[in-house]
Amino acid sequence: FFVSSTSTETDSLIREENENKKKIKKMAILSNVSFSCNISLKPSLSSLPNSTSSRSPCLLRCSQEGKEVISPLESVVWSLGEEVSKRSLLALVSASLFFVDPALAFKGGGPYGQGVTRGQDLSGKDFSGQTLIRQDFKTSILRQANFKGAKLLGASFFDADLTGADLSETDLRGADFSLANVTKVNLTNANLEGATATGNTSFKGSNITGADFTDVPLRDDQREYLCKIADGVNATTGNVTRDTLLCN
């Protein structure tokens, strides 16, 4: 490059360009770009002894994937800065997924579910024989839905409408029926051991032949009603339905 008549100005310019080179290397590392570069000063009128400016245009000569690329220093710095910003934004968005509602973060309304089932109209849907452990059906409409033989341990039917649904032969241990409408439901041979049925949960008109209500907290009026229609023995637990309801 052209040597200025003033050595002090030249030394200052070289130091400045060396600092720029260091900045570019740091930004290249952040943006995961692998290349080697050399900064060189391009002769121009601005570098002449009597010029009003001591700055010289700077070119960045880079070798990336076997190809040589020569670009103005300022444009390279801008490109690398933009790349770092994009990668930072992507990392921030990815991290934020861990703090949103699980139903929005991944497909599935529960650990073993294949579809979002919370707050949905799932009337008439067929869930028979499926494994839906701890599935979230909160506030969903499940009228005439078919759950026959499904594994629903710990599933939540909080404030759900199960009118006319088929829950026969289901494993409902620890399920939550708080505030749920369980009227006219087929609970034949269902195992509800330890399930929750607090609030205005209603089993009016349901078939509970062979259902196991062991340790299910029921309102007195609900227990009295169920004891009037209770019959059968649970095929899985061998417990008499009336005994599980403490009818005696």
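1. By the rule applied here (a side-chain nitrogen of Lys or Arg within 4 Å of a carboxyl oxygen of Asp or Glu), the count comes to five salt bridges. The model is predicted, so local features need pLDDT of at least 70 and side-chain atom pairs count only at pLDDT 80 or more, whereas totals for chains, interfaces and linings use all residues. Side-chain values use heavy atoms, with hydrogens and water left out, and residues are numbered from 1 along each chain as its sequence is written.

2. One of the salt bridges joins Asp 161 to Arg 143, with 2.6 Å between the closest N and O atoms. Both residues lie in the loop between α3 (102-105) and α4 (220-229), so the pair ties together parts that are 18 residues apart in sequence. Helices here are DSSP runs (H or I, at least four residues), numbered from the N terminus. Asp 161 is buried at 14% relative accessibility, while Arg 143 is partly exposed at 40%. Buried means under 20% relative accessible area, exposed over 50%, and partly exposed in between (1.4 Å probe, protein chains only).

3. Asp 171 and Arg 173 also form a salt bridge, at 2.7 Å from N to O.

4. Arg 219 and Asp 221 meet through their side chains in a salt bridge of 3.0 Å, N to O. Arg 219 is partly exposed at 30% relative accessibility, and Asp 221 is partly exposed at 44%.

Methods: Helices (H or I, at least four residues) and strands (E, at least two) are DSSP runs, numbered from the N terminus.
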